[in-house]
Amino acid sequence: MARDQLQVLNALDVAKTQLYHFTTIVIAGMGFFTDAYDLFSISLVAKLLGRIYYTKAGAPKPGVLPPSVSSSVTGVALVGTLIGQLFFGWLGDKMGRKKVYGLTLIIMIICAVASGFSFGHTPKGVMASLCFFRFWLGFGIGGDYPLSATIMAEYANKKTRGAFIAAVFAMQGMGILFSGIISLIVSTAFDRKYPTPTYEQNPALSTPPEADYVWRIVLMFGALPAALTFYWRMKMPETARYTALIAKNAKQAAADMAKVLNVELEAEEEKVEKISKGKSNNFGLFSREFLRRHGLHLFGTTSTWFLLDIAFYSQNLFQKDVLSAIGWIPPAKTMNGIHEVFRIAKAQTLIALCSTVPGYWFTVAFIDIVGRFAIQLMGFFFMTVFMFAVAIPYEHWKTHHLGFVMMYALTFFFANFGPNATTFVVPAEIFPARLRSTCHGISAAAGKAGAIIGAYGFLYAAQNQDKAKTDAGYPPGIGIKNALIILGCINALGMICTFAVPESNGKSLEEASQETFDEDDEVEGV
């Protein structure tokens, strides 16, 4: 028999959409905005770092980061993020969402600024200090995943909860866009102030000493949006579900939400005490009861996020082919160092506007209409179709640039209007309150493990089978066509694993997580 809902939680579930919902979206979303800015901005300045620190006198082309250095500089933040997701996800269930939320933001602000102050007497020293600060930046970013999703889920009403959580995640697209815009502004300002010849014309003068400020300013700017939200994060009350169901403080939960909702709410201390003694609120993460109720669900959320991120982060494999094919990025030797940053930023900004950002907001618009399951299944299906459409006739697309660009754009449109958003939303809804942040962190960490494989494992695997045609410093691989076919198969596997994920649309968090069942209930699969 399902038990009665607490009045304070029911009030949140049936509340009309109002100002505090949008305030929460902005506060939580700005964290994701900062996360995306910090994680993606490094790709905009990586070429400049190669020119500044690894150009050899007399070389026909400007310097590039060696494969090991490039992997470290861009990948160390992903490793930090994975660890942060696990640690802060667990901590959010132990200490409370609000307390830990402020801590992650402080780490992000300090490390974003420190990244710009990376120091060293040698290129190796500068890169080592940059990697150190970016690891801890990723650690803070990792905490934002489970905490932002959990806080938004626990504040939202059940009618539009999916759209609200997806809107928080959609700020990732805005962060990617903003990183491109800031890079455009900074590179344009420096290019006009310090005009220099191209590398082809004069290698020694093509990268002015002032270029060293460009990448530092771009990376440090990521601290600003995070700093702007710190005060408001600290003013947010703890979520009622943590206060009532985990901290078991019914009076405080009622008082906090009465202020938020502007209604009178009863404390219901006896009901909270009764709920806390129920079997459905006393099993742990590693118990048989959790395995029976949520084992398949956790497999579904971790496996789909893992598989999705392999494909999503592998876009670097053929992004350079797309950008070169449509002429957005000319050969490096025909540009100076600062102008190259401008061209790369321009390309990323246009991609974000045309493909990345629209996909996120399509999910926001439709997730509470068609449901999480349908959007995720559809997204994986079309990612599979378009990945195979790119891979199988790959040689054909080398001379048909427009079709190639369209296939590329559609693949990642359906990633964002699909599993890239839903894998973030669902883990915040289907697990019990006392394990919600932990399970979301586990799911997100599985995704980051997939991201590391997608961004780096496939970067090596996709190298040409002919050693003479591989990128500098890389061993031969299986070739980009074979790599893309494997990625298509991975997307198809993600579609299959989606069937392990339950539909939470239209349910309260307690219904979706089966917390409304007493110990004598027969728990049915969903």
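**View 1. Contacts of Leu 6.** Leu 6 touches Ala 244, Leu 245, Glu 268, Lys 271, Val 272 and Ile 275. Residues up to four places away in sequence are not counted. Contact means heavy atoms within 4.5 Å. This is a predicted model, in which local features need pLDDT of at least 70 and side-chain atom pairs count only at pLDDT 80 or more, while totals for chains, interfaces and linings use all residues. Residues are numbered from 1 along each chain as its sequence is written, and side-chain values use heavy atoms, with hydrogens and water left out.

**View 2. The largest nonpolar core.** This core has 115 residues. Leu 6, Tyr 145, Met 257, Leu 261, Phe 424 and Leu 484 have the most contacts inside it. Helix α6 (residues 161–193) gives the most to this core, with eleven residues. A second, separate core has 25 residues, among them Tyr 37, Leu 130, Val 186 and Ile 338. A nonpolar core is a set of buried Ala, Val, Leu, Ile, Met, Phe, Trp, Tyr and Cys residues joined through side-chain atoms within 4.5 Å. Buried means under 20% relative accessible area, exposed over 50%, and partly exposed in between (1.4 Å probe, protein chains only). In soluble globular proteins, nonpolar side chains tend to be buried together.

**View 3. The whole chain, for orientation.** The protein chain has 21 helices and zero strands. Helices (H or I, at least four residues) and strands (E, at least two) are DSSP runs, numbered from the N terminus. The radius of gyration is 24 Å, close to the 24 Å that the globule rule gives for 526 residues, so the chain is as compact as a globular protein of that length. That radius is taken over C-alpha atoms, and the globule rule is 2.2 Å times the number of residues to the power 0.38. Along its principal axes, the C-alpha trace spans about 80 × 45 × 35 Å. Of the 526 residues, 59% count as buried. Among contacts with a separation of 6 or more, 82% join residues 24 or more positions apart.

**View 4. Val 357 in helix α14.** Helix α14 covers residues 337–370. Val 357 is buried, with a relative accessible area of 13%. Val 357 touches Gly 173, Met 174 and Ala 352, not counting residues up to four places away in sequence. Gly 488 lies 131 residues from Val 357 along the chain, and their C-alpha atoms are separated by 23 Å.

**View 5. Positive phi at Lys 248 and Asn 262.** Lys 248 is not a glycine, yet has a positive phi of about 60°. Lys 248 is found in the loop between α9 (240–246) and α10 (250–261). At 45% relative accessibility, Lys 248 counts as partly exposed. Asn 262 also has a positive phi, near 60°, in a residue other than glycine. Asn 262 is found in the loop between α10 and α11 (269–276). At 66% relative accessibility, Asn 262 counts as exposed.

**View 6. Ala 468 in a loop.** The loop runs between α19 (433–461) and α20 (480–497). Ala 468 is exposed, with a relative accessible area of 70%. Ala 468 and Leu 44 are 424 residues apart in sequence and 28 Å apart in space, C-alpha to C-alpha.
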